[in-house]
Structure formats: C-alpha cells, structure tokens
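Subject: Handover of a structure and notes on its contents

Dear colleague,

Please find below the structure that I am handing over to you. My notes on it come after the coordinates.

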Amino acid sequence: MKSIDLDKKAIGFQIRSLSHLIKRHVKSSVNFQYAKRITGTNSWIIAYLAENKDKDIFQKDIEEMFTVNRSTASKVLKLMEQKELIDRQSVPYDARLKKLVLTPKALALHESIVEDIDNLEAMLIRGFTEEEIVQFYSYIQRMKNNLTESPFSQSSLDEKDLGSKRDLGKGDMECQRKQLLEEFSE
C-alpha cells in the first residue's frame, strides 16, 4: 500500500481532517449537548415539522415521509409527546384527525441547531468570494461523481453521503442542515 506524503497534501486526507474539525466544533456546541439526547428519528421529525409549519401535518404524513408503518409512527410520536416535543391538535374540518405541532421546547431546539449550523457555515466560508464558493461546490460534486462512477466503488453507495435520499427539496443548504442534524443525533 502506498504511503501518504503529507507534503503533497493528499485531498482525501485534507477532507478527512476538515471533517474531524467540523465534528469537534459541532460536538463542543451547548446545543449539541442537549440535542444528542434526542434520537435521530425525533430530530428528523422535528426538522420536517419545522420546515412544514405552514401546513397541517398528520401521522399519516410522517408514515409516508419516513416510510414507516402505522404502529412505528404511533410509538415514535407518542414518545415525542411524552418528551414534550410535539402536541396533537384537532383540526376544525375533520374531528378524527389530529395535526402534529411542535412544542415551544422543540421549536427552540430546532432554531438553536439551525443557528449553530448557520454559524458553522459562515465560519467555514469566511474569506471566500461567492465565485470561490460556487467553484468549491463544483469540485466537491466532481469528486462525488468520480467516486460513484469508479469501477472500484460499491454498487450502492450510502445515499446519505450523496445527499439525495433525505433531501426534502429545499436545496443544498437544507440538505446540509439535515445531514448535520443527523450528525447531532449519532
């Protein structure tokens, strides 16, 4: 196996080093210390409800969005109610339905995490021009394509790494937020 020449600043090594610095920064956040007590699924549901706060979201929507069966969704949502993260509220147009609403506690948690992510993002791109940022994203995308097109790559790369499976259609920034929220829950 070929040894890594650190003087050549191997890209993979540098990316891994940057990833460790980001994780260390995230883990030192007070908000992370609180958020890590909440399971990954809970954080995804909180993010989904926060991003769709202008819509009525029901258990059925959670089942479809996260591809879970009714009993699993019911158990998760019941636990979230017990943790005071969500409330179920009646809707005037159908007495059988209860919409899911984030509690102030969950909203504050979500907002603090989003604020941490925004601050981290600002810190990462400080000193870069808009053109450099766009170019950087194009380099990253090319590297991802190189890895997925490689005959040595696994036929089913983890879609989380590519940002395609859990992207709710809000663009790269939202996908990054979701990925960092997921990192919070690991």
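The notes below begin with the conventions and the overall fold, and then turn to particular elements and contacts.

This is a predicted model, in which local features need pLDDT of at least 70 and side-chain atom pairs count only at pLDDT 80 or more, whereas totals for chains, interfaces and linings use all residues. Residues are numbered from 1 along each chain as its sequence is written, and side-chain values use heavy atoms, with hydrogens and water left out.

Overall fold

The protein contains 9 helices and 2 strands. Both kinds of element are DSSP runs numbered from the N terminus (helices: H or I, at least four residues; strands: E, at least two). Along the sequence they follow the pattern α-α-α-α-α-β-β-α-α-α-α. Of the 186 residues in the protein, 30% are buried. Here buried means under 20% relative accessible area, exposed means over 50%, and partly exposed lies in between (1.4 Å probe, protein chains only).

Helix 3 covers residues 40-51, and 11 of its 12 residues are buried. Among them are Trp44, Ile45, Ile46, Tyr48 and Leu49. The end C-alpha atoms of helix 3 are 17 Å apart, which agrees with the 16 Å that its 12 residues should span at 1.5 Å a residue. The expected span is 1.5 Å times one less than the number of residues.

The largest nonpolar core has 20 residues, of which Ile45, Ile46, Leu49, Met80, Ile86 and Leu102 touch the most other members. Helix 3, helix 5, strand 2 and helix 6 each supply at least two residues of this core, and the largest share, 5 residues, comes from helix 3. A nonpolar core is a set of buried Ala, Val, Leu, Ile, Met, Phe, Trp, Tyr and Cys residues joined through side-chain atoms within 4.5 Å. In soluble globular proteins, nonpolar side chains tend to be buried together.

Contacts of Tyr48

A search of the whole structure gives 1 aromatic pair. The ring centres of Tyr48 and Phe66 are 5.9 Å apart and the planes lie at 85°, so the pair is edge-to-face. The pair links distant parts of the chain, 18 residues apart: Tyr48 lies in helix 3, and Phe66 in the loop between helix 4 (59-65) and helix 5 (70-82). Tyr48 is buried at 11% relative accessible area, while Phe66 is partly exposed at 22%.

The backbone oxygen of Tyr48 is reached by the side chain of Asn52 at 2.8 Å. Asn52 sits in the loop between helix 3 and helix 4 and is buried, with a relative accessible area of 9%.

The hairpin and the salt bridges

Strand 1 (residues 86-91) and strand 2 (residues 94-102) run antiparallel and are joined by 6 bridges. Two strands pair if DSSP finds at least two bridges between them. These strands form a hairpin with 2 residues between them. Arg88 has Leu100 in strand 2 as its bridge partner.

The structure holds 3 salt bridges, each defined as a side-chain nitrogen of Lys or Arg within 4 Å of a carboxyl oxygen of Asp or Glu:

- Lys99 and Asp56 meet at 3.6 Å, N to O. This pair links distant parts of the chain, with Lys99 in strand 2 and Asp56 in the loop between helix 3 and helix 4, 43 residues apart. Lys99 is partly exposed at 22%, and Asp56 is partly exposed at 30%.
- Glu81 and Arg88 meet at 2.9 Å, N to O. Glu81 is partly exposed at 30%, and Arg88 is partly exposed at 27%.
- Asp94 and Arg96 meet at 2.9 Å, N to O. Asp94 is buried at 17%, whereas Arg96 is exposed at 72%.

Helix 6

Helix 6 comprises residues 104-125. Its end C-alpha atoms are 31 Å apart, in agreement with the 32 Å that its 22 residues should span. The buried residues of helix 6 include Leu109, His110, Ile113, Asp116, Ile117 and Glu121. Gly127 follows helix 6 and has a positive phi, near 90°.

With kind regards

Key:
Phe/Tyr/Trp six-rings, centres within 6.5 Å; stacked < 30°, edge-to-face > 60°. Polar contact = N/O pair within 3.5 Å; in protein donor to acceptor, adjacent residues only side chain to side chain.
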